[in-house]
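Biologist: I would like to go through some of the labels attached to this model. Please set each value against its cut-off.

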Amino acid sequence: MAVAARNENYFLTTLDAAASWIRANSLWPMPFATACCGIELMATASSRFDLARFGAEVMRFSPRQCDLMIVAGRVVMKMLPVLQRIWLQMPEPKWCISMGACASSGGVFDTYAVVQGVDRFIPVDMYVPGCPPRPEQLLQAIIDLQEKIKRGGTLTGVEFERRKNPEGPPPFDPQELKRRVLRQEQIPRGRMMKVNSDGTERDRRDGP
Amino acid sequence: MTVLESLRSRLGAEAELSYSEFRDNHRVVVGARWAYAALDHLKNEIGYDMLFELTCADYLYYPDAKDRFGVVYGLLNTRTGERLLVKTWVNEPDPALQSVVPLWSGANWLEREVFDMYGVRFEGHPDLRRILMPEEFASFPLRKDYPLRGRGERHNFPVLARADG
């Protein structure tokens with residue numbers, strides 16, 4: 001980091017450290033708020049918790065102007081392509097916070113439509129637990145993210161280019177699907193029998 | 001003349017009509033072939049002028065159920081405040097009903113939702129597309145034989161690595 005020189009009018013540092021210090025202290029969040037976490041995100045930005053104290057208060061609703069995506073809330077399968085497109089539209093260098101249980105793991109919404117954690121499809125730097133998390137938790141995540149940015153950042157962003165492999169959990173487990181199909185077939189056919197008008201029986205799944 | 005008698009005089013005796021009452025619920029069940037005529041009669045002759053709900057239920061694993069899908073129309077008489085639930089049954093392999101959009105324009109999106117979730121087709125609907133699920137979705141998710149966690153649709157997306165950004 002910075003080395004204080006004898007003359008107090010200048011100091012020496014590396015470009016990497018200076019760039020990281022500047023980036024860490026002027027994060028521009030992209031609020032991807034889809035649920036109740038979004039309300040806590042708004043509270044974090046408001047006067048009581050005051051995200052401005054950490055240099056990250058400039059929320060922009062255009063991804064072109066942002067460098068920190070905060071995914072706040074559940075993401076459904078119809079929204080995920082939008083999320084990925086917005087993430088790709090953000091200029092480098094950029095970071096991502098997965099805020100709350102739903103964004104991090106799907107939360108209680110373990111259904112056909114809800115993505116079980118956005119880290120399966122986009123890279124995530126920081127996870128915030130909670131349902132929804134308190135604003136203090138989000139502040140702590142941003143402070144931790146600032147530490148992370150300062151620790152390994154380079155002027156050219158070469159550390160991002162090296163990360164060519166997906167880092168989240170695997171998006172889909174084929175074994176999981178196989179187990180579910182088996183469970184469906186175990187439902188006894190007798191429960192779906194219908195008696196026809198002539199007294200014969202048929203399975204309702206087979207149609208009339 | 002009661003609602004049931006009025007319907008029976010319009011549709012005839014073979015229309016599989018029945019009527020039941022539980023607390024404040026007044027319910028009419030009618031055969032699918034006569035459903036449109038019954039709703040037309042209820043709207044234009046009896047005065048149930050508003051369709052406040054159009055939904056469906058899948059009775060696949062339901063004990064003693066004889067048919068698969070029960071499509072329910074919720075009607076309201078805005079002059080007297082009376083409500084009436086009209087239910088009709090449709091079955092696989094091609095559950096279909098006549099669209100009631102000519103009677104109530106508000107049925108447009110409701111029928112699209114029933115089609116999206118249960119695959120019940122509404123013939124004569126001006127624009128029968130999925131309304132909630134993505135266009136390319138292939139199943140009908142509220143059918144009881146569709147698994148709760150889906151068939152992998154929620155995870156069928158490209159994975160972005162950090163270097164892709």
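Modeller: In this predicted model, helix H1 (residues 15–24) of chain A packs on helix H5 (residues 135–152) of chain A at an angle of about 165°, and their axes are 8 Å apart.

Biologist: Why is H1(A) called roughly antiparallel to H5(A)?

Modeller: Angles over 145 degrees count as roughly antiparallel. The angle here is about 165°, so H1(A) is roughly antiparallel to H5(A). The crossing of the two helices H1(A) and H5(A) is right-handed.

Biologist: Which residues in H1(A) and H5(A) meet?

Modeller: From H1(A) come Ser20(A), Trp21(A), Arg23(A) and Ala24(A), and they meet Gln146(A), Ile149(A) and Lys150(A) in H5(A). By class, this contact of H1(A) with H5(A) has 3 nonpolar, 2 polar and 2 charged residues.

Biologist: What makes S4(B) and strand S5 (residues 83–90) of chain B a pair?

Modeller: Two strands pair if there are at least two bridges between them. S4(B) and S5(B) are joined by 8 bridges and run antiparallel, so they count as paired. One of the bridges has Gly70(B) with Trp89(B) as its partner in S5(B). S4(B) and S5(B) form a hairpin with 6 residues between them, and Gly81(B) in the turn has a positive phi of about 80°.

Biologist: Which side chains of strand S4 (residues 69–76) of chain B point to the buried face?

Modeller: Those of Phe69(B), Val71(B), Tyr73(B) and Leu75(B) do, and these residues are buried. A residue needs 20 or more other C-beta atoms within 10 Å of its own to be called buried.

Methods. Residues are numbered from 1 along each chain as its sequence is written. Chains are lettered from A and ligands numbered from 1 in the order in which they are written. This is a predicted model: local features need pLDDT of at least 70, side-chain atom pairs count only at pLDDT 80 or more; totals for chains, interfaces and linings use all residues. Axes are lines fitted to C-alpha atoms, for helices over the stretch in contact, and angles run from 0 to 180 degrees between N-to-C directions. Helices (H or I, at least four residues) and strands (E, at least two) are DSSP runs, numbered from the N terminus. Angles under 35 degrees count as roughly parallel, over 145 as roughly antiparallel, 65 to 115 as roughly perpendicular and the rest as oblique. A crossing is left-handed if the near helix is turned anticlockwise from the far one by less than a right angle, and right-handed if clockwise. Two residues are in contact if their C-beta atoms, placed from the backbone, lie within 7 Å. Ala, Val, Leu, Ile, Met, Phe, Trp, Tyr, Cys and Pro count as nonpolar, Asp, Glu, Lys and Arg as charged, and the others, Gly among them, as polar. A residue is buried if 20 or more other C-beta atoms lie within 10 Å of its own, exposed if 12 or fewer, and partly exposed in between; C-beta atoms are placed from the backbone.
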